[in-house]
Amino acid sequence: MKQSVSFKLNNQNVSVEVNGDESLLTIIRTYLDKTGTKFGCGLGDCGACTVLIDNEAARSCMILIEDVANKEIITIEGLATGEILHPIQKAFITLDALQCGFCTPGMIMNALGLLIKNPTPTRNEIINGMEDNLCRCGSYNRIVEAIEMAAKEMNKKVKI
Ligand code: FES
Ligand code: FES
């Protein structure tokens with residue numbers, strides 16, 4: 001049975017008529033055109049579909065749409081302010097922390113969730129916090145370096 005679910009997506013109020021058993025990932029990609037969030041495994045194992053839900057990183061393939069009612073979702077499309085990229089996006093570009101880029105939106109969103117919880121992580125804390133996000137291209141070292149760079153930049157600005 002269809003139901004209406006309302007939530008905030010990248011700072012805008014949205015309301016969708018959906019079956020409650022559809023995933024957040026399906027809804028944002030298929031109905032709301034936010035295709036930056038990727039479908040990787042669909043099983044909660046790869047992290048390609050990571051978004052923020054109320055400022056916590058979550059795997060959108062594993063979240064039922066009905067469970068995000070009245071919550072605040074941020075996807076990769078919600079990070080830049082106009083033409084100005086978020087410091088994590090900038091750091092990934094500066095350090096070339098990607099190859100094919102498929103894992104990158106999920107990596108960046110997971111990194112943001114990590115830095116919201118812990119704005120000054122050690123290298124090991126970054127490695128541990130990112131270890132469940134998979135990169136088939138093996139860009140892990142540069143990803144960790146990019147998160148270190150972004151953390152420094154974000155701490156300068158005191159804005160996440
Ligand atoms: S697509 Fe969600 S964890 Fe892989
Ligand atoms: S850059 Fe290709 S999967 Fe990570």
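The model discussed here is predicted. The domain assignment of the protein chain gives two parts, domain 1 (2-78) and domain 2 (87-157). Their C-alpha centres are separated by 21 Å. Across the boundary, 14 residues of domain 1 are in contact with 13 residues of domain 2. On the side of domain 1 that touches domain 2, the elements giving two or more residues are strand 3 (50-53) and strand 4 (56-59). Strand 3 supplies the largest share of that side, with 3 residues.

**Overall form**

The secondary structure of the protein chain amounts to 5 helices and 5 strands. Along the sequence these elements follow the pattern β-β-α-β-β-β-α-α-α-α. The radius of gyration of the protein chain is 15 Å, which agrees with the value near 15 Å that a compact globule of 160 residues would have. Taken along the principal axes, the C-alpha atoms fill a box of roughly 45 × 30 × 25 Å. Buried residues account for 41% of the 160 residues in the chain. Of the contacts in the protein chain with a separation of 6 or more, 59% are between residues 24 or more positions apart.

**The nonpolar core**

The largest nonpolar core has 44 residues, and those with the most contacts inside it are Ile 108, Ala 111, Ile 143, Ile 147 and Ala 150. Both domains take part in this core, since at least three of its residues are drawn from each of domain 1 (2-78) and domain 2 (87-157). Leaving aside residues up to four places away in sequence, Ile 147 touches Ala 111 and Ile 126.

Strand 1 (residues 2-9) and strand 2 pair in the antiparallel sense over 8 bridges. Within this pairing, Lys 2 has Asn 19 of strand 2 as its bridge partner. The hairpin of strand 1 and strand 2 has 2 residues between the strands, and Asn 10 there takes a positive phi near 50°.

Is strand 2 largely buried or in the open? Of the 8 residues of strand 2 (residues 12-19), the number buried is 0, so this strand lies largely in the open.

In helix 1 (residues 24-31), by contrast, Leu 24, Leu 25, Ile 27 and Ile 28 are buried. An α-helix has 3.6 residues a turn, so residues three or four places apart point the same way. What covers the buried residues of helix 1 includes strand 1 and strand 2. Just after helix 1, Asp 33 takes a positive phi of about 60°.

Strand 3 and strand 4, already named at the domain boundary, pair in the antiparallel sense over 4 bridges. Ile 53 stands opposite Glu 56 in strand 4. The hairpin formed by these two strands has 2 residues between them. In its turn, Asp 54 has a positive phi of about 45°. Asn 55, placed in the loop between strand 3 and strand 4, likewise has a positive phi, near 70°. With 12 C-beta neighbours inside 10 Å, Asn 55 counts as exposed.

Further along, Asn 70 lies in the loop between strand 4 and strand 5 (72-74). Asn 70 counts as exposed because 9 C-beta neighbours lie inside 10 Å.

| Residue | Phi |
|---|---|
| Asn 10 | near 50° |
| Asp 33 | about 60° |
| Asp 54 | about 45° |
| Asn 55 | near 70° |
| Asn 70 | about 65° |

**Phe 102 between helices**

Where is Phe 102 found? Phe 102 is in the loop between helix 2 (87-94) and helix 3 (104-117). Apart from residues up to four places away in sequence, Phe 102 touches Lys 38 and Ala 48. Phe 102 and Gly 40 are 62 residues apart in sequence, while their C-alpha atoms are 8.5 Å apart in space.

Methods
Residues numbered from 1 in each chain as written. Chains lettered and ligands numbered in written order. Predicted model: local features only at pLDDT ≥ 70, side-chain atom pairs only at ≥ 80, totals over all residues. Buried ≥ 20, exposed ≤ 12 C-beta atoms within 10 Å, placed from the backbone. Pairing = 2+ DSSP bridges. Rg over C-alpha atoms; globule rule 2.2 N^0.38 Å. Contact = placed C-beta atoms within 7 Å. Core = buried A, V, L, I, M, F, W, Y, C linked by C-beta atoms within 7 Å. Domains from an automatic or database assignment.
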